[in-house]
Amino acid sequence: MRVVRMLALLGLGIVLAAGGVQTTGAAPAPQHGGTLVFAQGIPVITTDPGIAGGTPVQTVRKAMYESLVVMDEEGNIKPQLATSWSLSDDKKTWTFRLRRNVRFHDGTTFNAAAVKATFDRLLDPAQGLPRRNEFQWIKSIETPDDLTVQFVTTFPYGPTLRTLAMDSASIISPAAIRRYGKDIGWNPVGTGPYKYESHVPEQSVTLVRFDDYWGGRPYLDRLIFRTVREDATRVAMLEAGEAQLITNVPGTEVARLQGDARLKIRLDPSTRVAHIGMSLLKAPFNNVKVRQALNHAVHRAAIVRGVLRDIGIPVQTVLSPATWGYSDPGLYPYDTDRAKRLLAEAGYPNGFQTVLWTPDGRYFMDRQTAVAVQGQLALVGVQADVRVIDWATYLQILRRPQDSNETQMYLLGWESGTADPAILVNTVFNSASVPPTAWNTMFYKNPKVDELIAAGAQETDTRKRAQIYAELQKTIMTDAPWIPLFAYKQTTGLRANVEGLQVLPTEVHLLRDVWLRR
């Protein structure tokens with residue numbers, strides 16, 4: 001995470017509006033009470049940790065659920081439900097000592113059996129949980145006693161701790177697993193500072209404080225997550241005090257809002273890369289020269305400057321500079337002449353017509369980015385019809401199986417989740433990770449890539465891992481199943497009295513220590 005700290009020094013770290021900064025005196029003591037309204041751009045489709053739903057959903061889960069370990073803003077791994085851990089000499093057995101006197105929201109005692117029940121559910125093929133794919137390195141889970149759990153791995157797995165810090169590794173009450181089964185998604189029972197109260201489909205999720213929380217009484221009485229798809233509406237809610245926290249502040253509004261003493265604006269590094277994915281199932285995208293041509297046709301720096309107002313970093317690879325292992329192969333400088341030559345060599349001298357899907361409000365300036373790409377592709381003869389699709393539907397249609405998948409081009413933003421490449425590249429680029437079970441929505445296959453993905457996961461030497469991931473990125477980008485655009489900066493808006501927020505480089509907002517100054 002030295003990269004993240006370096007980026008902070010370059011101006012990509014936290015930026016606060018002057019009106020919200022405490023400049024003199026001691027830090028104020030946290031206060032209890034109040035309701036925090038958090039306006040996000042997409043709905044929470046499920047709280048089941050075994051089902052992906054985007055980082056806004058992870059923020060909700062992290063308020064209710066906890067894992068053995070947790071990541072902080074600097075990318076460091078800290079204890080949570082585990083107090084300590086050790087690794088065997090053969091690097092295949094991780095032993096965790098568990099925290100005492102922890103209870104789930106339903107009163108069930110947290111112990112080693114609860115950890116095992118959680119992962120047995122997650123790893124059971126009969127459950128059909130998509131995020132099972134993130135934990136295939138686990139061979140078995142042993143429980144020597146109530147406060148000790150051991151993860152035995154099939155091979156040495158480099159990012160074990162970072163993976164166990166993800167929301168997919170959230171520990172669920174075993175009583176709730178038995179009681180609710182597949183309906184656990186809207187009957188969440190964790191050990192976190194806030195517990196589920198209610199939700200309105202597509203509109204909101206409400207959590208209330210858990211008074212028996214092992215970490216002490218939570219500061220807030222209630223958390224309300226509201227789905228507000230329109231950027232302008234979220235901004236208006238923040239200014240009016242109808243929301244205390246919002247995501248994806250538009251680049252056009254950042255400077256103005258920074259001048260408002262009632263507000264704070266944070267710009268934080270992100271591991272997320274915005275990209276245009278292409279389905280290799282059908283022409284013309286099954287031709288590598290077409291995909292390479294489109295990579296040359298996109299002016300990344302112009303999009304960052306003109307659409308994002310410089311709130312982003314142009315990239316030409318599948319990883320963000322905030323992700324460990326980032327290496328830019330530099331294969332695709334902006335070159336429309338080269339793009340046209342490659343299209344002609346591929347049999348498309350006059351370009352072609354296609355459809356470009358995009359969400360609206362899920363990512364920072366997502367629809368606007370798709371429209372900018374549309375304009376740039378037109379300069380080399382490619383006519384892309386931009387179609388906006390609501391987020392819940394978007395996730396479904398991208399992951400249709402091969403025989404019914406209609407994807408041509410689509411805008412998406414993948415982040416590493418762990419600030420390490422292993423899970424991301426396996427989930428998105430492994431030839432075995434195609435829909436509907438996983439997220440290789442390009443239907444991309446390269447045996448060399450599969451070998452490098454496995455090698456990177458199993459290597460524990462940091463220097464060798466870095467070399468593997470550099471080769472992997474160059475290989476993927478030579479094949480060009482993506483048009484990488486830029487790495488995001490996270491834009492978060494807060495009322496000036498919101499304190500204690502942590503924003504991870506993985507775009508998860510940790511709310512455990514948030515309180516409202518009055």
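Predicted model: local features only at pLDDT ≥ 70, side-chain atom pairs only at ≥ 80, totals over all residues.

Colleague: Which residues of α15 are buried?
Modeller: Among them are Arg465, Ile468, Tyr469, Leu472 and Ile476. Gln473 and Asp479 are buried too.

Colleague: What happens at the start of α15?
Modeller: A side-chain oxygen of Asp461 comes within 3.1 Å of the backbone nitrogen of Arg463. After the helix comes Ala480, with a positive phi near 55°.

Colleague: New topic. How many residues are in the largest nonpolar core?
Modeller: It has 147. Phe96, Leu98 and Phe119 are among those with the most contacts inside it. There is also a second, separate core of six residues, including Val70 and Leu510.

Colleague: What does Leu98 touch, beyond its neighbours within four places in sequence?
Modeller: Its contacts there include Leu68, Leu81, Phe110, Val115 and Leu147. Asn111 and Asp146 are on the list as well.

Colleague: Now Arg362. Where is it found?
Modeller: In the loop between β14 (352–358) and α11 (366–378).

Colleague: Is Arg362 buried or exposed?
Modeller: Buried, yet without a salt bridge. Glu507, the nearest side chain of opposite charge, is 4.9 Å away. The cut-off for a salt bridge is 4 Å.

Colleague: Which side chain has a polar contact with Arg362, then?
Modeller: That of Thr55, at 3.3 Å. Arg362 is also in contact with residues including Asn248, Arg272 and Trp391.

Conventions: Residues numbered from 1 in each chain as written. Heavy atoms only, no water. Core = buried A, V, L, I, M, F, W, Y, C linked by side-chain atoms within 4.5 Å. Buried < 20%, exposed > 50% of the residue type's maximum accessible area, 1.4 Å probe, protein only. Contact = heavy atoms within 4.5 Å. Helix = DSSP H or I, 4+ residues; strand = E, 2+ residues; numbered from the N terminus. Polar contact = N/O pair within 3.5 Å; in protein donor to acceptor, adjacent residues only side chain to side chain. Lys, Arg positive; Asp, Glu negative; His and termini not counted.
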